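Dear colleague,

I am handing over the structure we spoke about, with my notes on what I found in it placed after it. Please read them with the coordinates open beside you.

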Amino acid sequence: MQGLGLLVLAFTVYIVGGLLFVKIFDPIITGVQLQRQIESWGEETEYERRYEFRDLDEISDHLEHAVIAAEDGRFYEHAGIDQEAMREAYEEYQERGRVRGASTITQQVVKNLFFTTRPNPIRKVLEIPIALLADAILSKERILELYLNIAEWGPGGVFGAEAAAQHHYGIRADQLGRDASSRLAAILPSPRKRAPQRMSRYSATIRTRMQQMGW
């Protein structure tokens, strides 16, 4: 029991320390980036991490709004966990047997920073208290800035808004327009399989949500 207690303490210190670090400094590498690097060793496809951290004011407002509209419409209202979205997802599962994700942007930041994309029920449970902690330590602006910079946006090592804008459109992140931004937001659920040019229907839905949210 003592060993378990020490393990929990060490993990807690690691998480809190990590959150305090990214409150001030930009992440050097993330859990998902490390995962992709390791996976690439056993793959024939070329891997090159493209990751250029940009301040929030160096990223198009359209992309910020599109990502919130697509991924977490109540981002500014909840404390890291969207209980209403979780309830809706549970009701949909009960009625239709469909499992729908209800992760907030904060939860996705936690996953990207400290974990991997591998399905793991233990990780999903841990995400909840860590997301609440992240929301308490970090400002909403910093959480959004982190997400836009560390999210995976394509195969072969495309991480963050700057790399995504350059890879998919050949422009800087602050040059992204409304259409391009909504298309980039549309590929986030499956960035290694989806391509912006094939996201016409979903990107139109995202733009409608943006308009409804006053953007």
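In helix 9, the buried residues are Ala180, Ser181, Ser182, Arg183, Leu184, Ala185 and Ala186, and since this is a predicted model, please take that and everything below as computed from the prediction. Helix 9, which spans residues 178-186, is thus mostly covered, with seven of its nine residues buried. The cover over these buried residues includes helix 3, strand 2, helix 8 (160-169) and helix 10.

Two of those covering elements also pack against one another: helix 3 (residues 61-71) and helix 10 (residues 200-212) meet at an angle of about 100 degrees, and their axes lie 9 Å apart. Because that angle falls in the range of 65 to 115 degrees, helix 3 counts as roughly perpendicular to helix 10. On the side of helix 3 the residues that meet the partner are His62, His65, Ala66, Ala69 and Ala70, while helix 10 brings Tyr202, Ile206, Arg209 and Met210. Sorted by class, this contact of helix 3 with helix 10 consists of six nonpolar, two polar and one charged residues.

Strand 2, another part of the cover over helix 9, comprises residues 152-154 and contains Glu152. Glu152 has a relative accessible area of 9%, and because the cut-off for buried is under 20%, Glu152 counts as buried. Its side chain is joined to that of Arg36 by a polar contact of 2.9 Å. Leaving aside residues up to four places away in sequence, Glu152 touches Val32, Arg36, Asn112, Val158, Phe159, Leu188, Pro191 and Arg192.

Helix 7, residues 140-150, is likewise mostly covered, as 10 of its 11 residues are buried. The buried residues of helix 7 are Lys140, Arg142, Ile143, Leu144, Glu145, Leu146, Tyr147, Leu148, Asn149 and Ile150, a list in which Lys140, Arg142 and Glu145 are charged.

With best regards

Notes. Residues are numbered from 1 along each chain as its sequence is written. This is a predicted model: local features need pLDDT of at least 70, side-chain atom pairs count only at pLDDT 80 or more; totals for chains, interfaces and linings use all residues. Side-chain values use heavy atoms; hydrogens and water are left out. Helices (H or I, at least four residues) and strands (E, at least two) are DSSP runs, numbered from the N terminus. Buried means under 20% relative accessible area, exposed over 50%, partly exposed in between (1.4 Å probe, protein chains only). A polar contact is a pair of N or O atoms within 3.5 Å; within protein, one must be able to donate a hydrogen and the other to accept it, and residues adjacent in sequence count only if both atoms are side-chain atoms. Contact means heavy atoms within 4.5 Å. Axes are lines fitted to C-alpha atoms, for helices over the stretch in contact, and angles run from 0 to 180 degrees between N-to-C directions. Angles under 35 degrees count as roughly parallel, over 145 as roughly antiparallel, 65 to 115 as roughly perpendicular and the rest as oblique.
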